[in-house]
Amino acid sequence: MNTKWYIASTLALVFFALLFTSVKPLFSMKMPEGNGLASVNIITKPFFQSELVDGENYKSKNFRTPVRKWDVFDPLVLSEAVLIQSLDDGFPFLSYNTYKSWPMASLTKLLTAVAIFEDIGANEKIPISSAAVETEGESGNLRSGEVYTARELLQIMLLASSNDVAAAFEEYFGGKEKFAEILNSKASKMGMTGTVVYDGSGLSNSNVSSASDLSKLIKYIAEKTPEILSWTRLQNIIVQPTNDTTSKQISNINPISSGQDFLGGKTGTSPAAGENIISIFSFENRRVVVIILGSPNRANEISSLLSWVKKAYESR
């Protein structure tokens, strides 16, 4: 063989060998020993890192103002209030009754999480009393006498929407009224001028806010305490009291939290409020806030409204 062709073919083989050995497979097939079907192990890097929530991956983007396609009609809104807005540049895709006062229900727990995170920290130990356990609702499976870190209680409260946890936080701060004062002070500092709360759980129908105010809350969390949003994406967690060896599993009750485009948020439901939700999605290369208050079916409405946004707008 010609020496030049030999050298060229050898270099080509080396190049392709390096190329294919440097590419990591998206999935691997692992054959079990003996008879049986093959199992597929998906190997992927976790898509939603904290930097996606706090905006590090979005700061370098040059966002262009979306253009409304007026041949697409306005959507049918079934909720009492809706706000769909870009978290990154503030562009409003859809606004409906955004200043209407509405019961917050368990959306209150997002404000509670901010207060706990900022005022006592995630490592503080919080006792669970019999009075806290007797609070309406059984989610969280807490028992009197248990002691947890604030971090674990926050995760239980956000995933399972535990009212018992919120009551334990109220007790730690000296009671429901004193804790409500702290929450109202936090809301005021965020510019949530139409928000008033009377407890940390949202059990009170007098806890009211608006889509406009809640957009300020979720933006504050994304910028100041993105860990809160990261926790709301967890599907299951194992928690254990600091004074007991018994562990328990807590599951996320938010039906949309498992979606690949979900960056964090919280639901809230009560007979007076209907179905509320506040969430951030990765949508068309933006972080988009979706706030729905008083919906008959928030999951369906989120899906239909985001589909409408995609049809109704185009980027220049």
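Which helix is Asn-163 found in? Keep that question in mind; the notes below start with the overall picture and then come to it.

1. **What you are looking at.** This is a predicted model, in which local features need pLDDT of at least 70 and side-chain atom pairs count only at pLDDT 80 or more, while totals for chains, interfaces and linings use all residues. Residues are numbered from 1 along each chain as its sequence is written, and side-chain values use heavy atoms, with hydrogens and water left out.

2. **The chain as a whole.** The secondary structure comes to 10 helices and 15 strands; helices (H or I, at least four residues) and strands (E, at least two) are DSSP runs, numbered from the N terminus. Of the 316 residues in the chain, 47% are buried. Buried means under 20% relative accessible area, exposed means over 50%, and partly exposed lies in between (1.4 Å probe, protein chains only). Among contacts between residues at least 6 apart in sequence, 63% join residues at least 24 apart, where contact means heavy atoms within 4.5 Å.

3. **Asn-163.** Back to the opening question: Asn-163 is found in helix H6, which covers residues 163–172. Asn-163 counts as buried because its relative accessibility is 12%. Leaving aside residues up to four places away in sequence, Asn-163 touches Ser-106, Lys-109, Thr-135, Glu-136, Ser-139, Ser-201 and Leu-203.

4. **H5 against H6.** Now follow H6 to helix H5 (residues 150–160): their axes come within 8 Å and cross at roughly 140°. Axes are lines fitted to C-alpha atoms, for helices over the stretch in contact, and angles run from 0 to 180 degrees between N-to-C directions. H5 and H6 are therefore oblique to each other; angles under 35 degrees count as roughly parallel, over 145 as roughly antiparallel, 65 to 115 as roughly perpendicular and the rest as oblique. H5 passes H6 in a left-handed crossing, meaning that the near helix is turned anticlockwise from the far one by less than a right angle, with clockwise for right-handed. On the H5 side, Ala-150, Leu-153, Leu-154, Ile-156 and Met-157 meet Val-165, Ala-166 and Phe-169 of H6. By class, this contact of H5 with H6 has eight nonpolar, no polar and no charged residues. Here Ala, Val, Leu, Ile, Met, Phe, Trp, Tyr, Cys and Pro count as nonpolar, Asp, Glu, Lys and Arg as charged, and the others, Gly among them, as polar.

5. **H3 against H5.** Helix H3 (residues 108–119) and H5 have axes that come within 10 Å and cross at roughly 170°. H3 and H5 are therefore roughly antiparallel to each other. From H3, the contact takes in Lys-109, Leu-110, Thr-112, Ala-113, Ile-116 and Phe-117, and from H5, Ala-150, Leu-154, Met-157 and Leu-158. By class, the contact of H3 with H5 has eight nonpolar, one polar and one charged residues.

6. **H3 against H8.** H3 also meets helix H8 (residues 211–224), with axes that come within 10 Å and cross at roughly 35°. The crossing of H3 and H8 is left-handed. Leu-110, Leu-111, Val-114 and Glu-118 of H3 make this contact with Leu-217, Tyr-220 and Ile-221 of H8.

7. **The nonpolar cores.** In soluble globular proteins, nonpolar side chains tend to be buried together. A nonpolar core is a set of buried Ala, Val, Leu, Ile, Met, Phe, Trp, Tyr and Cys residues joined through side-chain atoms within 4.5 Å. The largest one has 58 residues, and Leu-153, Phe-169 and Leu-217 have the most contacts inside it. H5 gives the most to this core, with eight residues. A second, separate core of 22 residues includes Val-82, Phe-262, Ile-277 and Trp-308.

8. **Gly-200.** Have a look at the loop between helix H7 (176–189) and strand E9 (208–209), where Gly-200 lies. Gly-200 is buried, with a relative accessible area of 0%. Its C-alpha atom is separated by 6.2 Å from that of Lys-109, 91 residues apart along the chain.

9. **Two loop residues with positive phi.** Asn-141 has a positive phi of about 55° although it is not a glycine, and Asn-141 lies in the loop between helix H4 (130–133) and strand E8 (147–149). Glu-284, not a glycine either, has a positive phi of about 55°; Glu-284 sits in the loop between strand E13 (274–283) and strand E14 (286–295).
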